[in-house]
Amino acid sequence: MAWSYDYTPYDRPPEWQWHEKALLRPTVLVQLEGSTPAPETFVALVDSGCDHVLAPEWVARLAGADPDPNREVSIQIAGAPRRVRFGDLTLKLCSPATGIGDAASAIVHEWRTQVGFFLDWSDPPYSVILGQCGFFDQFTVVMSRLAQRLTVEPAEFHDEHYPPGPAEGTPDLRPTFVP
């Protein structure tokens, strides 16, 4: 498995007309499943600066997720503290050939992870944010602004091509990729 996704272009705001380069974001399509699968695919921002997988509360309802009130924390995101509650869900990364609305026919890789749902932010700029814990710890991810592409490989890809692994004496907490 090596899936490459084109970056998603965005229109520049009028006040940015002096800026020559296109606004681009690394995005993929995902599906979420709690007690029931969400009926749609979601555009997800791949964000190496985010610690968690995050989504608004309305996504939790669609996916049949029940965020745990005992797993509530406040995180700093988009310039403000936001309360999130975590629940355990199945995430499904859709192949690059999948279009929005193609959920039934999507080729996917799936895994279980914790997803934090915003309690006080109903309209973040993305339906899902894929962060370090829950996405980057499941795959080797290469983002290239120059190529305007994002590539997702199995977790083992990095160590197979760029040894060594963790420093001596550091526990190896990396998951084993199962296709």
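Is Trp 111 buried or exposed, and what is its relative accessible area? Trp 111 is buried, with a relative accessible area of 8%; buried means under 20%, exposed over 50% and partly exposed in between, with a 1.4 Å probe and protein chains only. The model is predicted, so local features need pLDDT of at least 70 and side-chain atom pairs pLDDT 80 or more, while totals for chains, interfaces and linings use all residues. Residues are numbered from 1 along each chain as its sequence is written, and side-chain values use heavy atoms, without hydrogens and water.

**View 1. The aromatic pair of Trp 111 and Phe 139.** Seven aromatic pairs are found in the whole structure. Rings of Phe, Tyr and Trp (its six-membered ring) pair if their centres lie within 6.5 Å; planes under 30 degrees apart count as stacked, over 60 as edge-to-face and the rest as tilted. Trp 111 and Phe 139 are edge-to-face, at 5.0 Å between centres and 85° between planes. This pair links distant parts of the chain, 28 residues apart: Trp 111 belongs to strand β9 (residues 108-118) and Phe 139 to strand β11 (residues 139-144). Strands are DSSP runs (E, at least two residues), numbered from the N terminus. Phe 139 is buried, its relative accessible area being 5%.

**View 2. The edge-to-face pair of Phe 135 and Phe 136.** The ring centres of Phe 135 and Phe 136 are 5.7 Å apart, with the planes at 90°. Both residues are buried. Together with Trp 111 and Phe 139, Phe 135 and Phe 136 form one aromatic cluster.

Key: Helices (H or I, at least four residues) and strands (E, at least two) are DSSP runs, numbered from the N terminus.
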